[in-house]
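Let's take a friendly walk through the inside of a protein model. Have the viewer open and follow along.

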Amino acid sequence: MLHGRVPESQWQAMRAPLQEGEFPFPVKYGYAAVAVVEEGPAALRGRRVFCLHPHQDRFLAPAGMCSPVPDAVPDHRAVLAANMETALNIVWDAAPIPGERVLVIGAGVVGLLCAWLIGRFPGTCVTVQDTDPARRGVAEALGARFALPEQAPPEQELILHASASPEGLRAALTLAAMEARIVEASWYGDRSVSLPWARPSTPAA
């Protein structure tokens, strides 16, 4: 968004609900806000709500777009609601099977949420691969294994690619088992992604 790399063909599809401005730029974008209602219906006043509003400290939004946040859910978790919706749709598309070997490439917010969801399936072995070793702690805290690219396990039966990098998608082809499923969950903007014409050889374990 910042660099104006939304393809013109996607300008309408990529509009945020309360977006201001027009693509390619300048545009006020965003859709993940948790706030306390200062003025509005009595049922919402003073309550924490989640809203699909561009990111800013204070804003006006229709009451119907403000979803109350349960008291037990902290702000830093509630603000992930839109990302969790994305992750849930990815997992539905992936259709995990209990007991599968699963690799998630990309330990960003969406990738980690996908790993956490799939980890709820009985018997699954979920590994998260990322180039940043600092993300190991979060992945392991969510119940997944962590691997740098050179440590990623081969022969994976289900791979979710969420790194938004061509290298990550190529790695998915390398690490997939025979008849494995690869779900592409990345968005590349106006970048082109090339893939090898043949499946790369599997690296030695």
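Which residues touch the most other members in the largest nonpolar core?

## The nonpolar cores

The residues that touch the most other members are C114, I118, V126, V128, L158 and L160, out of 23 residues in the largest nonpolar core. A nonpolar core here is a set of buried Ala, Val, Leu, Ile, Met, Phe, Trp, Tyr and Cys residues joined through side-chain atoms within 4.5 Å. Buried means under 20% relative accessible area, exposed over 50%, and partly exposed in between, using a 1.4 Å probe and protein chains only. Two or more residues each come from α2, β6 (101-105), α3, β7 (125-129) and β9 (156-161), and α3 gives the largest share of this core, seven residues. Helices (H or I, at least four residues) and strands (E, at least two) are DSSP runs, numbered from the N terminus.

Contact means heavy atoms within 4.5 Å. There is also a second, separate core of seven residues, with L103, A152, I159 and A172 among them.

## A note on the model

This is a predicted model, with pLDDT of at least 70 needed for local features and 80 or more for side-chain atom pairs, while totals for chains, interfaces and linings use all residues. Residues are numbered from 1 along each chain as its sequence is written, and side-chain values use heavy atoms, leaving out hydrogens and water.

How many residues of α3 are buried? Eight of its 10 residues are, leaving this helix mostly covered. They are V110, G111, L112, L113, C114, A115, L117 and I118. The cover over these buried residues includes α2, β6, β7, α4 (136-141) and β9.

Now turn to the packing of α2 (residues 81-94) against α3 (residues 109-118): the angle is about 55° and the axes are 9 Å apart. Axes are lines fitted to C-alpha atoms, for helices over the stretch in contact, and angles run from 0 to 180 degrees between N-to-C directions. The two helices are therefore oblique to each other; angles under 35 degrees count as roughly parallel, over 145 as roughly antiparallel, 65 to 115 as roughly perpendicular and the rest as oblique. On the α2 side the contact is made by N83, M84, T86, A87, L88, I90 and V91, and on the α3 side by V109, V110, L113, C114, W116, L117 and I118. By type, these residues are 12 nonpolar, two polar and no charged. Ala, Val, Leu, Ile, Met, Phe, Trp, Tyr, Cys and Pro count as nonpolar, Asp, Glu, Lys and Arg as charged, and the others, Gly among them, as polar.

Q129 lies in strand β7 and counts as buried because its relative accessibility is 6%. Beyond residues up to four places away in sequence, Q129 touches several others, including L103, I105, A147, P149 and L175. A147 sits in strand β8 (residues 145-147) and is buried too, at 3% relative accessibility. Its contacts outside four places in sequence are T127, V128, Q129, D130, A152 and P153.

Is L195 buried or partly exposed? At 46% relative accessibility, L195 counts as partly exposed. L195 belongs to the segment after β10 (176-184), and, neighbours within four places aside, is in contact with L169, R170 and L173. Between L195 and E167, 28 residues apart in sequence, the C-alpha to C-alpha distance is 9.1 Å.
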